[in-house]
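Please open the structure in a viewer and keep the sequence beside it.

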Amino acid sequence: MKVGFLDRDGTIIEDYEDKLWSSITEPVFINGAIDALKAIRQRGYEIIIITNQYLINEKIITLERYKEITDKFIKILLDNGVEILDIFYCPHSKEENCNCMKPKDGMIKMALEKYSKIDMENSFIAGDSLCDIQLGERLGIKAFGIGLDKEEGRTIKIDALKDIVRYL
Ligand SMILES: [Mg+2]
Ligand SMILES: [Zn+2]
């Protein structure tokens, strides 16, 4: 099973400054993102979201609010015919120094434990932050940096998630 490990905020839905997130109750999908997810699925990839949500333990959003946005996120995708295999999130604050906050690989390890059939060699990671592509480098898998100036090893630079499709 090949997987697209995708960041959520700034990659699939709009991202905001940390403080602004306290007033956000709805996911706002980035133009073309849903079609991109469809195309990724059509190319035979399962989709797993891995998302840093330190805002939870930093008390900017509640866990309930995170879950509310996640439920809406999943529902909108399902309504558009896009199934997500799973979502892993890191709720920890930066000071907690956990093992799951990207660029650490804890969320990937959790995914590998839960889904033994993941074929990492043919999987990829995509995200709009340095931590996403650093994680890709750490794992040695294909990585896509969205809107990032910085290139890191094997990372492919793209402007938006929809640009991924031609590389898959
Ligand atoms: Mg992001
Ligand atoms: Zn964590």
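## First selection: the zinc site

Select the zinc ion (ligand 2): its four donor atoms subtend angles of 102 to 118 degrees, which makes the arrangement tetrahedral (four donors count as tetrahedral if all angles lie between 85 and 135 degrees). Donors here are N, O and S atoms within 2.8 Å of the metal (3.2 Å for Na, K and Ca), and sites may look incomplete, since water is not among the atoms. The model is a predicted one, in which local features need pLDDT of at least 70 and side-chain atom pairs count only at pLDDT 80 or more, while totals for chains, interfaces and linings use all residues; side-chain values use heavy atoms, without hydrogens and water. Residues are numbered from 1 along each chain as its sequence is written, and chains are lettered from A and ligands numbered from 1 in the order in which they are written.

Now display the side chains around the zinc ion (ligand 2): Cys-90 (SG), His-92 (ND1), Cys-98 (SG) and Cys-100 (SG) coordinate the ion at 2.0 to 2.3 Å. Along the sequence, these donor residues follow the spacing C-x1-H-x5-C-x1-C. Cys-90 belongs to strand E3 (residues 86-90), whereas Cys-100 is in the loop between E3 and helix H4 (106-114), ten residues away. Helices (H or I, at least four residues) and strands (E, at least two) are DSSP runs, numbered from the N terminus. Both Cys-90 and Cys-100 are buried, a term that means under 20% relative accessible area, with exposed over 50% and partly exposed in between (1.4 Å probe, protein chains only).

Asp-7 and Asp-128 are both buried.

Next, select Arg-8, which also lies in the loop between E1 and H1. Is Arg-8 buried or exposed? With a relative accessible area of 3%, Arg-8 is buried. Neighbours within four places in sequence aside, the residues in contact with Arg-8 (heavy atoms within 4.5 Å) include Trp-21, Ile-50, Tyr-66 and Phe-73.

In soluble globular proteins, nonpolar side chains tend to be buried together. A nonpolar core is a set of buried Ala, Val, Leu, Ile, Met, Phe, Trp, Tyr and Cys residues joined through side-chain atoms within 4.5 Å. The largest such core has 53 residues, of which Phe-5, Leu-6, Ile-12, Ile-48, Ile-50, Leu-161 and Ile-164 touch the most other members. H1 gives the most to this core, namely six residues. Centre the view on Ile-50: residues up to four places away in sequence not counted, the residues that it touches include Phe-5, Asp-7, Phe-88, Met-107 and Leu-135.

Select H1, whose buried residues are Ala-33, Ile-34, Ala-36, Leu-37, Ala-39 and Ile-40. These buried residues pack against E1, E2, helix H3 (63-79) and E4. After H1 comes Gly-44, with a positive phi near 95 degrees.

Move to H4, where Gly-106, Met-107, Ile-108 and Ala-111 are buried. They pack against E1, strand E2 (46-52), E3 and H5.

In H5, the buried residues are Cys-131, Asp-132, Ile-133, Leu-135 and Gly-136. Their cover includes E2, H4, E4 and strand E5 (142-146). Glu-137 also lies in H5 and, at 29% relative accessibility, counts as partly exposed. H5 is followed by Gly-140, whose phi is positive, near 70 degrees.

## Last selection: the whole chain

Finally, show the entire chain, which has five helices and six strands. From the N terminus on, the elements run β-α-β-α-α-β-α-β-α-β-β. Of the 168 residues, 49% are buried. Along its principal axes, the C-alpha trace spans about 35 × 35 × 35 Å.

Key. Tetrahedral: all angles 85-135°; square planar, octahedral: opposite > 155°, others 65-115°.
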